Amino acid sequence: MKLRTRLPRAAALALLPLLALTACGSGDTDGTAPAGAQAAPKDDPVADVREVDAIAALLPADVRKAGTLRVGSSVGFPPGAYYPNGTDKDPEGQDIDIADAVAKVLGIELQRQDASFETILPALGSGKYDVGTGNFGVTAERLKTIDFVTYINDGQGFAVRKGDTELGKKKITDLVQLCGLTIGTGAGTTFEATLTAEKGVCAKAGKKPYEVKVYAENGATLTALQQGRIDVIMSTINGLRHQASQPASQTEFLGEFHRLDVGFAFKKGSPLTKAFQAAVNELIKNGTYTRILEKWGTTASAIDASEINPREHL
């Protein structure tokens, strides 16, 4: 249930700073974790999941016959998806467990292919992947071209270096608080879109504008923060909270800024959405969903029911 292609060497190397600094795992190609690396939790809530015939029947006939789906997966940021045992081993994380559990309910195998976050949504439209995973937030802009099936509620947050004197432990509630600072974030993310769209707030407030630096990998963003090339990171709530819990990262989480539903991504009009929604709701009903979130420390992101294409939270 965890088939994947190997991460290209350049991308694997780009992950090394994040994995080393957060003590989450190794990017070494021999798959051995370095001394002191954080192991993934041992609980396996997916093991007992079984196919549900009525839900599997919601899949298109050709998918049921093939028995596989191609998944474009963005890997590199715990607790969502990362490599605790090296890039030649299977990735682990909340998103991995939920996707694998959904696949078992549907009676299919996932052909997981590692991909850069910003490339996955466009590749759905071209037919390269059947589904995308990578903590994709549901936004009004994305809903124009992408269908979503939600499975958690995460969103946007900020983090700084531990001991930062500019922002301290002050929660960011208004982007005006960031005027004059340099913010690092991921390419193609809702964070980049928000920061770009709101860049005029500083001028309106009579303050120096903030600068945005965009990185293709989370590891590069964290390295930039540690080296003082950026002042603050804008990224996922769960990812930054987890990162701050690792002493080696030397970061402090500044709280939630904006909540977003997160979901499996599909090309517009995909015939897969109803089956995936029913599978997620089955996992919620039978308790597997709760066990997965408890395993990864993300119960604050639990949803009561999966939705197809909900409106963006305002």
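**Strands and rings**

Author: Happy to! Strand β2 (residues 68-73) runs parallel to strand β3 (residues 109-114), and 6 bridges join them. Keep in mind that this is a predicted model.

Reader: Which residue of β3 does Val71 stand opposite?

Author: That's Arg112.

Reader: And what do β2, helix α4 and β3 make together?

Author: A right-handed β-α-β unit, with α4 covering residues 94-106.

Reader: How many bridges join β2 to strand β4?

Author: There are 3, and β2 and β4 (residues 131-133) run parallel. One of the residues involved is Gly72, whose bridge partner in β4 is Gly132.

Reader: New topic: aromatic rings. How many aromatic pairs are there?

Author: The count comes to 6 aromatic pairs. One of them is Phe158 with Phe257, an edge-to-face pair at 5.5 Å centre to centre with 75° between the planes.

Reader: Why does that pair tie together parts that are apart in sequence?

Author: Because Phe158 lies in strand β5 (residues 146-161) and Phe257 in strand β9 (residues 251-267), the pair ties together parts 99 residues apart in sequence.

Reader: Is Phe158 buried or exposed?

Author: Phe158 is buried, at 0% relative accessible area.

Reader: Which residues do ring pairs link into a cluster?

Author: Tyr151, Phe264, Phe266 and Phe276.

Reader: Last one: where does Gly287 lie?

Author: Gly287 is in the loop between α10 (273-286) and α11 (288-296). Gly287 and Pro45 are 242 residues apart in sequence and 9.2 Å apart in space, C-alpha to C-alpha.

Definitions and conventions
Residues are numbered from 1 along each chain as its sequence is written. This is a predicted model: local features need pLDDT of at least 70, side-chain atom pairs count only at pLDDT 80 or more; totals for chains, interfaces and linings use all residues. Side-chain values use heavy atoms; hydrogens and water are left out. Two strands pair if DSSP finds at least two bridges between them. Helices (H or I, at least four residues) and strands (E, at least two) are DSSP runs, numbered from the N terminus. A crossover is right-handed if, with the strands pointing away from the viewer, the path from the first strand over the helix to the second runs clockwise. Rings of Phe, Tyr and Trp (its six-membered ring) pair if their centres lie within 6.5 Å; planes under 30 degrees apart count as stacked, over 60 as edge-to-face and the rest as tilted. Buried means under 20% relative accessible area, exposed over 50%, partly exposed in between (1.4 Å probe, protein chains only).
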